Amino acid sequence: MAIFKGAAVAIVTPFFDNGEINYPKLAELLDYQIENGTDAIVICGTTGESSTLSHEEHLEAIRFAIEHVNKRVPVIAGTGSNCTETAIYLSQEAEKYGADALLVVTPYYNKATQKGLIAHYTAVAESVSLPIIMYNVPSRTGCNIQPETAVALAKNVKNIVGIKEASGNISQVAKLMQLADGCIELYSGNDDQVVPILSLGGYGVISVLSNVAPRQTHDMVMKYLEGDVAGSREIQLKAIPLIDSLFCEVNPIPVKAALNQLGWQAGPLRMPLTEMEPDHQEQLRKAMIDFGIEVK
């Protein structure tokens with residue numbers, strides 16, 4: 001049984017002006033997502049600024065999300081690290097809190113070999129019983145999970161069940177799915193490639209776009225899965241200018257700006273991320289309006 005099918009939001013972490021996590025606002029955002037069709041919550045991923053959360057904050061945000069969502073949809077905890085022991089610790093704690101699954105990014109900066117990736121993911125997976133989605137985003141990590149490596153892990157480690165593919169390389173994804181022969185759950189990690197990933201056998205998307213357009217992102221996936229390929233493609237293509245605006249500066253700078261433009265008061269970013277440039281803010285505002293989002 002798949003962890004989820006559809007659109008999972010890679011949810012932001014809202015902050016107060018003093019930089020502390022704004023849990024009342026996080027609760028509002030979680031409710032908004034669920035009420036508008038989001039199929040799963042990914043907490044403390046890249047979009048959640050996990051790299052600048054302390055371990056205590058990271059785990060408290062996971063615990064809070066799990067308790068607040070209260071089984072309405074699956075909660076997938078981001079527990080990856082470039083230190084295997086840290087990834088194991090975060091994963092074990094998330095399991096204790098009741099997470100439904102884990103999203104584990106490749107080790108970053110270290111630039112592990114494929115042998116190292118197999119050792120890392122196997123160690124993390126064997127430390128917990130939860131299903132694990134590997135997260136491949138070489139543009140950020142400097143480390144690419146080769147198709148053969150992903151398939152070897154999925155076939156040999158029982159609770160490594162899926163991959164979030166954000167390499168941007170559709171040829172690589174096609175090779176992965178040809179080798180996998182059904183043994184791996186594929187999720188798009190790029191909002192501009194949802195339909196192409198679905199066409200290769202994908203189950204859905206782990207999405208930044210869902211933060212501001214949860215219903216449309218859910219519909220894009222479900223229309224495809226239900227056979228309405230034209231309807232799905234129409235949403236995908238209409239969303240491209242907004243997606244481009246959401247990534248015109250490094251994520252999550254634009255999506256937090258978008259939420260603030262929509263009146264969500266998601267707060268500031270943590271350094272070294274800085275606020276979005278004014279011309280990009282205007283570009284983003286126009287793209288949201290053109291997509292049919294009501295900007296305050």
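In which sense do β2 and β3 pair, and over how many bridges? I began with this question in the predicted model, and I found that the two strands pair in the parallel sense over three bridges. Looking for a particular partner, I noted that I43 has A77 as its bridge partner in β3. I then followed the chain between the two strands and recorded that β2, α2 and β3 make a right-handed β-α-β unit.

Next I looked at the other pairing of β3. Strand β4 (residues 101-105) pairs with β3 in the parallel sense over three bridges, and here A77 stands opposite L102. With helix α3 (residues 84-97) between them, β3 and β4 also belong to a right-handed β-α-β unit. Within β3 itself, I saw that V75 and A77 point one way while I76 and G78 point the other way, and that all of them are buried. I wrote beside this that side chains in a regular strand alternate between the two faces of the sheet.

Then I turned to the UniProt record, where an unreviewed entry places the feature "binding site" at T47 and I206. They are spread over 160 residues of sequence, yet they cluster in space, with a largest C-alpha distance of 10.5 Å. Of these residues, T47 is included in the lining of the second largest pocket.

I found T47 in the loop between β2 and α2, whereas I206 lies in strand β8 (residues 204-207). T47 counts as buried because its relative accessible area, 3%, is under 20%, and I206 is buried too, at 2%. Among the contacts of T47 are A10, V208 and N251, and those of I206 include A10, V42 and Y187.

Conventions. Residues are numbered from 1 along each chain as its sequence is written. This is a predicted model: local features need pLDDT of at least 70, side-chain atom pairs count only at pLDDT 80 or more; totals for chains, interfaces and linings use all residues. Side-chain values use heavy atoms; hydrogens and water are left out. UniProt positions are given in the numbering used here, feature names are shortened, and annotations may be inferred rather than shown by experiment. On a 1 Å grid over the protein atoms alone, a cavity is a set of points where a 1.4 Å probe fits but cannot get out, and a pocket is an open set with protein on both sides within 12 Å along at least five of seven lines; lining residues have an atom within 4 Å of a point. Helices (H or I, at least four residues) and strands (E, at least two) are DSSP runs, numbered from the N terminus. Buried means under 20% relative accessible area, exposed over 50%, partly exposed in between (1.4 Å probe, protein chains only). Contact means heavy atoms within 4.5 Å. Two strands pair if DSSP finds at least two bridges between them. A crossover is right-handed if, with the strands pointing away from the viewer, the path from the first strand over the helix to the second runs clockwise. Lists of a residue's contacts leave out its neighbours within four places in sequence.
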